[in-house]
Amino acid sequence: MYAIVEIAGQQFKVAKDQKVYVHRLQEDEGKKVSFHNVLLLEDGKNITIGAPAIDGAAVEAKVVKHLKGDKVIVFKKKRRKGFRKKNGHRQYLTELVIESIVAKGAKKTVAKAEPKKEAPVKPAPVKVAAPKTEAPKAKVEKAKEAPKAKVEKAKEAPKVKVDLSKKTVAELKEMAKAKGISGISSMKKADLIEALNK
């Protein structure tokens with residue numbers, strides 16, 4: 001019986017009591033490890049292929065020791081340029097012994113997370129844009145020329161100010177269409193807000 005299993009990002013063909021060298025694992029020496037990403041199982045004549053992994057299958061192994069692999073020389077050279085570079089590399093490895101291959105009924109062990117204590121959530125302070133106090137001279141002159149009837153109507157019905165900065169450009173354009181403002185297709189958000197506040 002053998003299995004093809006993914007361990008530490010690589011696929012290995014493993015059988016019982018086989019030694020396997022894999023990329024360094026976090027587990028301590030002597031601990032048992034189970035790998036649930038089994039891609040293929042062969043049991044006598046029956047071959048089971050996962051899509052991509054087989055449900056309930058697992059490979060159980062024991063961490064024997066952590067070690068470093070053989071030195072690999074990395075030599076680079078460019079001819080006629082005087083460029084030569086020599087580096088060595090030793091890969092960190094973990095030696096595993098495959099103890100058993102479980103075809104069905106293996107349960108994934110998930111570390112239980114401790115319930116987190118939720119800190120009281122403080123509401124974020126709301127920033128309100130202050131209205132511009134300085135108006136251009138042309139606007140001031142127009143305001144002086146405005147008929148008294150319009151001023152009286154404005155005093156009678158106080159307008160409820162809506163924070164336009166929170167609205168999207170599409171919503172602002174709809175509001176501008178409803179008010180009958182022209183040239184809104186080329187306006188930016190700030191221009192639309194300014195036009196709507198007039």
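**Strands, cores and salt bridges**

Let's start with a pairing: strands β1 and β2 run antiparallel and are joined by six bridges. Here, two strands count as paired if DSSP finds at least two bridges between them. This is a predicted model, so to speak of local features needs pLDDT of at least 70, side-chain atom pairs count only at pLDDT 80 or more, and totals for chains, interfaces and linings use all residues. Residues are numbered from 1 along each chain as its sequence is written, and side-chain values use heavy atoms, with hydrogens and water left out.

**The chain as a whole**

- The protein chain has four helices and ten strands; these are DSSP runs, numbered from the N terminus (helices: H or I, at least four residues; strands: E, at least two).
- Going from the N terminus on, the order is β-β-β-β-β-β-β-β-β-β-α-α-α-α.
- Of its 198 residues, 20% count as buried. Buried means under 20% relative accessible area, exposed means over 50%, and partly exposed is in between (1.4 Å probe, protein chains only).
- Take the contacts with a separation of 6 or more: 61% of them are between residues 24 or more positions apart. A contact means heavy atoms within 4.5 Å.

- Strands of a sheet pair through backbone hydrogen bonds, either parallel or antiparallel.
- β1 and β2 make a hairpin with two residues between them, and A8 in the turn has a positive phi of about 50°.
- Within that pair, A3 has V14 in β2 as its bridge partner.
- On to β5: β1 pairs with it in the antiparallel sense over four bridges, and Y2 stands opposite E42 in β5.

**A closer look at Q11**

- Q11 sits in strand β2 and is exposed, at a relative accessible area of 55%.
- Leaving out residues up to four places away in sequence, Q11 touches I4, V5, E6 and L39.
- Q11 and L39 are 28 residues apart along the chain, yet their C-alpha atoms are separated by 8.7 Å.

**The nonpolar cores**

- The largest nonpolar core has 20 residues, and V14, F35, V38, V59 and L96 have the most contacts inside it. Such a core is a set of buried Ala, Val, Leu, Ile, Met, Phe, Trp, Tyr and Cys residues joined through side-chain atoms within 4.5 Å.
- Among the elements that give two or more residues to this core are β1 (2–7), β2 (10–15), β5 (38–43) and β10 (92–102).
- Apart from it lies another core of seven residues, including L164 and L172.
- Back to V38: leaving out residues up to four places away in sequence, V38 touches A3, I4, V5, P52, A53, I54, A57, A58 and V59.

**The salt bridges**

- The structure holds two salt bridges, each a side-chain nitrogen of Lys or Arg within 4 Å of a carboxyl oxygen of Asp or Glu.
- In one of them, the side chains of E95 and K19 meet (3.3 Å, N to O). E95 lies in β10 and K19 in β3, so the pair ties together parts that are 76 residues apart in sequence.
- E95 is buried, at 3% relative accessibility, whereas K19 is exposed at 54%.
- E99 forms a salt bridge with K32, with the closest N and O atoms 3.8 Å apart. This pair links distant parts of the chain, with E99 in β10 and K32 in β4, 67 residues apart.
- E99 is partly exposed, at a relative accessible area of 27%, and K32 is exposed, at 64% relative accessibility.
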